[in-house]
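Here is a short briefing to read alongside the model. Could you keep the 3D view open while you go through the points?

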Amino acid sequence: MIVRWGPLLLLAEVCGELGIREPLLVASPRWDTLELPILPSARWSEVPSARVDEAADLAGDGVVAIGGGSAIDLGKAISASTGLSLVSVPTTYAGSEWTSYFGVRDPERRMRGGGGGAQPIAIVYEPELTLDLPPETTVGTSMNALAHCAEALYVHGHNPAADEHALAGARLVSDWLPGVVSAPHDLEARTELLRGACHGGAALAGSMLGLGHAMAQAIGGRYGLPHGALNGICLPPALRLNAAYAPDAVRRFGEAVGRPDDPAGRVEELAALAGPTRVSELGVPEADLPSLAADAAQRGGNLANPRPASPGEIEVLMRAVF
């Protein structure tokens, strides 16, 4: 993966290195006024979108995605459909720029499919693009990054290289997120938080997702709810369960976030800085918890958990954060 930090001008440099001259730009209308150092051949502004084939028909010789996880996942879906290289410019802390798999959501953010096979080749991190990120999005996507760090330490695909990224990312997110919430335009704090998300994405790419993500995906995919906020809600109960099956990994995560005896409590504190802390606050019906738990139990994240949880166990965890 080519990774560059600095001004957006680096986007032109990276595209030039990759031989991308006429990319399709994937970016929501929020970025319509952003001055770009490239001249895209076409632009796709419906983000998220399930009209992947229509967008792919506009692709030139590459894909550039600017935005959060929705824009980058759409860029990955187009990349997978066309075989073209993807260059990502993340503007949140979601970390999806590191992986080749993706989810496809409609404009109401409900899950409509997904897959793999994208060609993410390069990432340009420009922290100034995160300065106006709202508090709930800042905290929610940071919780996604933190979940990547936690789960990378104990899923079946964990390994020393991914562990190093996971621990570095967890420290940075825990240390810098409170400061970003209190001073959103502090560029140093935003930069360090983005570095934490970068490490979290690298940890994810080198390992797998776990139970917390499986729960968040099941709930968010059904109702079109924010994935990051759901990770902030679902990670703590998953950590408490996994402490019995991967105690060393959970302890190391706790040390990284400054709470070796209660890492789940630290995640709860960070999630509470902005946004919901219970699934009931998001409008999830209590009657749906059994079917959501059954859905989560079948997902890859649960299957990669130190010990896959049963639907009944997952329902108990969901009720704990209802």
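Predicted model: local features only at pLDDT ≥ 70, side-chain atom pairs only at ≥ 80, totals over all residues.

**β4 and its partners**

- Strand β4 is mostly covered, with five of its five residues buried.
- On one side, β4 (residues 63–67) runs parallel to β2 (residues 24–26), and three bridges join the two strands.
- Within this pairing, Leu25 stands opposite Val64, and Val26 has Ala65 as its bridge partner.
- β4 also pairs with β5, again in the parallel sense, over five bridges.
- Here Val64 stands opposite Val87 of β5.
- Together, β4, helix α3 (residues 69–82) and β5 form a β-α-β unit, and this unit is right-handed.

**The whole sheet and the helices on it**

- Strands of a sheet pair through backbone hydrogen bonds, either parallel or antiparallel.
- In this model, six strands make an open sheet in the order β1-β8-β5-β4-β2-β3, with parallel pairing.
- At the edges sit β1 (2–5) and β3 (42–44), each of which pairs on one side only.
- From one strand to the next, the twist averages 20°.
- Helix α1 (residues 10–18) packs on the sheet and touches β1, β4, β5 (86–90) and β8 (120–125). The direction of α1 makes about 160° with that of β1.
- Helix α6 also packs on the sheet, where it touches β1 and β8. For α6, the angle with the direction of β1 is about 170°.

- Helix α6 covers residues 187–206, which is 20 residues. The distance from its first C-alpha to its last is 28 Å, close to the 28 Å expected at 1.5 Å a residue.
- Asp186 caps the N-terminal end of α6, with a side-chain oxygen 3.1 Å from the backbone nitrogen of Glu188.
- How does the span of α4 compare with the value for 1.5 Å a residue? The 18 residues of α4 should span 26 Å, and the end C-alpha atoms are 26 Å apart, which agrees.
- Helix α4 is largely enclosed by the rest of the structure, because 15 of its 18 residues are buried.
- Ser142 is found in α4 (residues 135–152). Is Ser142 buried or exposed? Its relative accessible area is 0%, so Ser142 counts as buried.
- Not counting residues up to four places away in sequence, Ser142 touches Tyr93, Val173, Leu177 and Leu193.

**Backbone points to check**

- Most residues other than glycine have a negative phi, and most peptide bonds are trans.
- The peptide bond from Val47 to Pro48 is cis, with omega near -5°. Pro48 has its place in the loop between β3 and α2 (52–56).
- Arg109 has a positive phi, near 70°, although it is a residue other than glycine.
- The loop between β6 (102–105) and β7 (111–115) holds Arg109. With a relative accessibility of 38%, Arg109 counts as partly exposed.

- Leu303 lies in helix α12 (residues 300–303).
- Although Leu303 and Gly210 are 93 residues apart along the chain, their C-alpha atoms are separated by 7.7 Å.
- Apart from neighbours within four places in sequence, Leu303 is in contact with His156, Ala297, Gln298 and Pro308.
- Arg307 lies in the loop between α12 and α13 (311–320). Its relative accessible area is 27%, so Arg307 is partly exposed.
- Which residues does Arg307 touch, not counting those up to four places away in sequence? They are Tyr245 and Glu313.
- The side chain of Arg307 makes a polar contact of 2.9 Å with the side chain of Tyr245 and one of 2.7 Å with the side chain of Glu313.
- The C-alpha atoms of Arg307 and Asp132 are separated by 40 Å, and these residues are 175 residues apart along the chain.

Notes. Residues numbered from 1 in each chain as written. Heavy atoms only, no water. Helix = DSSP H or I, 4+ residues; strand = E, 2+ residues; numbered from the N terminus. Expected span 1.5 Å × (residues − 1). Polar contact = N/O pair within 3.5 Å; in protein donor to acceptor, adjacent residues only side chain to side chain. Pairing = 2+ DSSP bridges. Axes fitted to C-alpha atoms, helices over the stretch in contact; angles between N-to-C directions. Contact = heavy atoms within 4.5 Å. Buried < 20%, exposed > 50% of the residue type's maximum accessible area, 1.4 Å probe, protein only. Right-handed = clockwise from strand over helix to strand, strands pointing away.
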